[in-house]
Amino acid sequence: MISVSDISKSFGKKGEIKALSHINMEVREGELFGLLGPDGAGKTTLFRIVTTLMLPDSGLVTVGGYNAVKDFKILRSKLGYMPGRFSLYQDLTVAENLTFYASIFNTTIEANYHLIRDIYVQLEPFKARRAGALSGGMKQKLALCCALIHKPEVLVLDEPTTGVDAVSRKEFWQMLRRLKDEGITILVSTPYMDEASMCDRLALIQQGLILDQGTPDGLVSGFPDRLLSLATPDIYRAKAIVEKIDGVDDAYIFGESLHIKTAALNEKAIAAALAAHGVAAGEVRSILPSIEDVFLAKMHDVS
Amino acid sequence: MTTFLLILKKEFRQIFRDPAILRLIFLMPVMQLILLPFAADYEVKNIKVGIIDLDHSDYARQLISKLEHSSYFRLAAYSSDHHEGLEWLESEKADLFIEIPPRFEASLIRENKASLQLFVNAVNGTKGNLGSAYTMGIIQQFNQEIRKDWFEFPKFNPEPFITVIGTSLYNPYMDYQRFMVPGILAVLLTMTGGFLSALNIVKEKELGTIEQLNVTPISKIQFILGKLVPFWLLGFVILTLGLLVSYVVHGIQPGTNIGNIYIFAALYLLAIVGFGLLLSNFTSTQQQAMMVAFFFMLIFILLSGLYTTIESMPPWARKIAYLNPLTYLVDAMRMVLLKGATLRDLWPHIRVISAIGFVLNFLAIYTYRKRS
């Protein structure tokens, strides 16, 4: 449905700031596709190119077979875009915003009410309130409604869950799953690694490069090595020691524990090495890597 | 067309919801038009005059009383000490002082001539100039009066007098309000037409709402027109309000050619709205737009002939003034309101303002395209 091939984009007078370099990405029809990456990875730039708001320096983007550069007029009625920043009229009410966006697409709220019903019932009590006076979560819901009101074929959401509390985030992803069931192709970006499992497929992006893409399970099973985890109160010393052991590819602090990426060594070898240096390590366990581990491993490979 | 109407509806809804903009559009022009013309007056009154009288004669007293009775002067200090005068100027006790030398009357009678000395504080150029001119006038008059006293008897006046009787046309009482009101109205029109529209466009950029709008089928032309038309229309509302205020408060009757003001204002607003659009293309926050607008507003006002005549400006300033759209509106307003100018009279102005409008809008659309 969305095909991104060899897209590059630079900023600055001489193009010295590379935002995207040779991006290739494929989003299939009816899929919930996630673009996962930290701040500044190039997610918004890529989305702006996909939504016809920005011209790429090179490469080709097609959405539903339409060229994002040449056929931008047709595409704009097929796309629903929710920018990362709240971009509705703060001085208009909830109902006025929604009516405005429905009517410029030549449709009405009633015509596509089934799409937004679940979200809109939560907004309804605040119908007459100005959008600027809504809470953060409610603003997100209104923005989603406005992006959906013309029944787009493709919905592009730029970091919709950033700055939203944990419960609302979960709720938001459930809404996206339901929209996917309506047959809408969804492309969504997020900096939160734990949201990866909510996507059908995802791409990992860092510094304008796609590190990897695939299903969440596929990405995890593609993790080449063994991943060990240990917990110790002396975590920084433990890291320094482990990094020096032959056969350890990478060691990094992950929350409260130390993750060790290794192909050659097992739990016992690490525990023994730490004991030799007098570090009281708890149990060293072999664990299944998370998306974040995959991400960090890929980043390590690139750099 | 329906899309365009939807945008217009949205714009008007937003404008009428913003109390600050409403005040700016309706209250501010009315207040300014009521108050400013009374204050922005070139007529220098209440000049503080000091007298150093070293003669104490009858003629000296006559001259002093003449000065005292003029509405321009206020006798602020009187002394017989020559040194005090400069102190008055220094401490701003007096704006100017006249020194009547000893034996003033005596030499006037015996030698047929006498001299007076006039000291003027010229820090404020206008005040200094006018003050000394008024004083000269009064002394001249005094001079003639005493000549008449003496030469009453000869049948033929050896030195013929030329008396000039002036008649002021179009503004018979040389009332500065009549001169200023049309100019101030022109400035107010520029502020709303040009600068409010620019701020409005920049606001969409700053708040990011333009981003959401750009992924809709709204075309750029529709967006821009949707921004400009409301302010173009509001310009007429302000113009009408302003004309009402000038009639009610300042007694300026627009006469039968009032329609010409609207025709000219329509063209002018078109030009200035294009200027606003151009401004918005080069700024991305309302603060930037404000600062740039302020910069241009000062140039527009000072180099428009609103306060000072263009003919007396140095050549480079004159060139800028002739490129300044406000110049033409100020002049056209005065022409219609004070002289009842017809469209034929306004024709040269109409031609220039149309050309300026065309160039500004062309540049605006050109840079707008290039930047997006």
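Glu153(A) forms a salt bridge with Lys78(A), with 3.3 Å between the closest N and O atoms. A salt bridge here is a side-chain nitrogen of Lys or Arg within 4 Å of a carboxyl oxygen of Asp or Glu. Glu153(A) sits in the loop between helix 5 (136-148) and strand 7 (154-157) of chain A, and Lys78(A) in helix 2 (residues 72-78) of chain A, so the pair ties together parts 75 residues apart in sequence. The model is predicted: local features need pLDDT of at least 70, side-chain atom pairs count only at pLDDT 80 or more, and totals for chains, interfaces and linings use all residues. Residues are numbered from 1 along each chain as its sequence is written, chains are lettered from A and ligands numbered from 1 in the order in which they are written, and side-chain values use heavy atoms, leaving out hydrogens and water.

**Salt bridges**

- Side chains of opposite charge can pair when their charged atoms come close.
- Over all chains, the structure holds 21 salt bridges.
- Glu153(A) is partly exposed, at 37% relative accessibility. Lys78(A) is also partly exposed, at 23%. The classes are buried (under 20% relative accessible area), exposed (over 50%) and partly exposed (in between), with a 1.4 Å probe and protein chains only.
- Arg169(A) forms a salt bridge with Glu195(A), the closest N and O atoms being 2.9 Å apart. Arg169(A) belongs to helix 6 (residues 166-181) of chain A, while Glu195(A) is in the loop between strand 8 (185-190) and strand 9 (201-206) of chain A. The two are 26 residues apart and link distant parts of the chain. Both Arg169(A) and Glu195(A) are buried.
- In chain B, a network of salt bridges links Lys10(B), Glu11(B), Glu204(B) and Lys227(B).

**Interface of chain B and chain A**

- The size of an interface is often given as the accessible area lost when the parts come together.
- About 2200 Å² is buried between chain B and chain A, and carbon and sulfur atoms give 58% of it. Buried area is the accessible area (1.4 Å probe) that two parts lose on being put together, summed over both.
- In chain B, the residues that lose the most area to chain A are Arg17(B), Gln212(B) and Val215(B), together 31% of what that side buries.
- Contact brings together 21 residues of chain B and 22 residues of chain A. Contact means heavy atoms within 4.5 Å.
- The rule finds 4 salt bridges across this interface.
- Glu96(A) forms a salt bridge with Arg13(B), the closest N and O atoms being 3.4 Å apart.
- Helix 1, helix 7 (176-207) and helix 8 (209-214) of chain B each give two or more residues to the side that touches chain A. Helix 1 of chain B gives the largest share, 7 residues.
- Arg17(B) forms a salt bridge with Glu96(A), the closest N and O atoms being 2.6 Å apart. Arg17(B) lies in helix 1 (residues 2-17) of chain B and Glu96(A) in helix 3 (residues 94-104) of chain A, so the pair joins two chains.
- Arg17(B) is partly exposed at 22% relative accessibility, whereas Glu96(A) is buried at 15%.

**Sheet in chain B**

- Chain B has an open sheet of 4 strands in the order 2-1-3-4, with mixed pairing. Strands pair if DSSP finds at least two bridges between them. Helices (H or I, at least four residues) and strands (E, at least two) are DSSP runs, numbered from the N terminus.
- Strand 2 (73-79) and strand 4 (117-120) of chain B stand at the edges, each with a single partner strand, so one side of each has no neighbour in the sheet.
- From one strand to the next, the twist averages 25°. Axes are lines fitted to C-alpha atoms, for helices over the stretch in contact, and angles run from 0 to 180 degrees between N-to-C directions.
- Strand 1 (residues 47-53) and strand 3 (residues 96-100) of chain B run parallel, joined by 5 bridges. Val49(B) has Leu96(B) as its bridge partner in strand 3 of chain B.
- Helix 3 (residues 58-69) of chain B packs on the sheet and touches strand 1, strand 2 and strand 3 of chain B.

**Single residue**

- Arg201(A) is found in strand 9 of chain A and is buried, at 10% relative accessibility.
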